[in-house]
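Subject: Structure handover

Hello,

Here is the structure I said I would pass on. My notes on what was found in it follow below.

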Amino acid sequence: MERAGRIFGGPKVELHVHLDGAIRPETILYFGKKRGIPLPGNTVEELLKYVCYDTPLTLPHFLEKFNYYMPAIAGDREAVKRIAYEFVETKAREGVAYVEVRYSPHLLANSGVAPIPWGQTEGDLTPDEVVQLVNQGLKDGERDFHIKARSILCCMRHMPSWSPEVVELCKKYQNDSVVGVDLAGDENLKVEKYYEHKKAYEEAERCGIHRTVHAGEAGPAAMVEEAVYALKAERVGHGYHVVEDPELYKQLLKTKMHFEVCPWSSYLTGACSPDFTKHPIIQFKKDRANYSLNTDDPLIFNSTIDKDYHIVKEHMGFTEEEFKRVNINAAQSSFLPEKEKQELLNELYEAYGMVPVHPDLSQGASLE
C-alpha cells in the first residue's frame, strides 16, 4: 500500500505480530512444492481460502489454521531464514520504523523438540539453530530495508516443558536480535505444569529479560492479573477483558502497564464484541492508557497494519494526535535497550514534528 493511501502517514511501531502468522502465501507454496509437502491449494487464491477468514471464529478454531501451512515451512533452514527476511521487507513497506516479531523456536524446529510439531519426521534443525536463522534473516532485512527489527521468543501454554529452554535461548541471544519472552497459546487451557512457565518467567526476570504475556484476550481479567502479578509481565498481549475488573484496570492504568492491542484480530478471534463501537480500545483511548496498535497474524486475517488503523479511525474516532500518542507509547514500551529506545523516540518526534520530551516525564506527556 502506497504512503498516500495510508490512514496514518508517519512512521509506526508494532510490538505484537507473530512470525508464523505473517508468512507470504507465495513462500508457503514455494516450499510446499520444493519439499513435496501437500497443501490445501496450488495457487495463492486456493491456499488463502483455507488459511484466511473474515468472520469471527473461536480462538481454538483460529489456531487450527496454522496446521494447513506450517508443515511446508517448519524444519527447513532456508524457509525459516527467508520468512524472517521477507517479514522485515513487508513491515518496511507498511511504514513501520520498528517492529518486535514473536515466534516459538520449537514450532519451527524438527530436532531436539518433543513432540516434533506439525507431524514432521525428525530432522536436524534444533530450536537453537532456528533462533540463529531468524536472527540472520531479521538482520539481513534491516540492512536491506532500513528499519529496525527485533524478536520475542514464545513459550507455549500447552507445552510447559519447552519454557525453560525458551528462556535459555533468550539469555543466549539477548544481545543478538532477541529482546524478550512471551507466553502464547490458548489461555483458557488448564495447564497441569503451570509452575514450569512461572519458573521460566522468574528466571527471565532474574536475568533482566523483558517479559510479555498473552492475557485477557479469550480469557477473563483474572488472566491479566496473573500475567502481571504472578509472571511479572511488563506488557500484556491483548488484555481487552481487563476493563471487566475496574479495580485491576485502575491499578494498571496507574502503573502505565502497556497493552498490545490488535483490533481486527480481536474481532476475528471472537475476543471482543463484533460491534467496534463497543470495543475496550475506546475505553483505553478515553483513559489515555498505554497501548499500541498491532496486526497479530496478518496472513490469517488477510490484513496489513493499515487495516487496524482504518478500523480505529472509522469506528473509534481516532485522530492523527492519538495515532502519534499510541506510537510514542509503543516506542517507550518497546524492549529495546535505553539508548536505542531514545534514538527511536527521537526519530518519531522528528517525523511527527514534535518537541522531544525529557525521558523522566510521563509517557505521552509531549502530546498533552
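Helices (H or I, at least four residues) and strands (E, at least two) are DSSP runs, numbered from the N terminus. The model is predicted, so local features need pLDDT of at least 70, side-chain atom pairs count only at pLDDT 80 or more, and totals for chains, interfaces and linings use all residues. Residues are numbered from 1 along each chain as its sequence is written, and side-chain values use heavy atoms, with hydrogens and water left out.

An unreviewed UniProt entry places the feature "domain: Adenosine deaminase" at residues 11–350; such annotations may be inferred rather than shown by experiment. Over residues 11–350 the chain is 48% helix and 14% strand, with the end C-alpha atoms 10 Å apart.

Next, the contacts of one residue. Phe259 touches, among others, Val224, Phe284 and Tyr291 (contact means heavy atoms within 4.5 Å), leaving aside residues up to four places away in sequence.

Then the backbone. Most residues other than glycine have a negative phi, and most peptide bonds are trans. The peptide bond from Ala114 to Pro115 is cis, with omega near -5°, and Pro115 lies in the loop between β2 (96–103) and α6 (127–145).

Lys256 is not a glycine, yet its phi is positive, near 60°. Lys256 sits in the loop between α10 (246–254) and β7 (258–261). Arg288, also not a glycine, has a positive phi of about 50°, and is found in the loop between α12 (280–286) and β8 (290–293).

Regards
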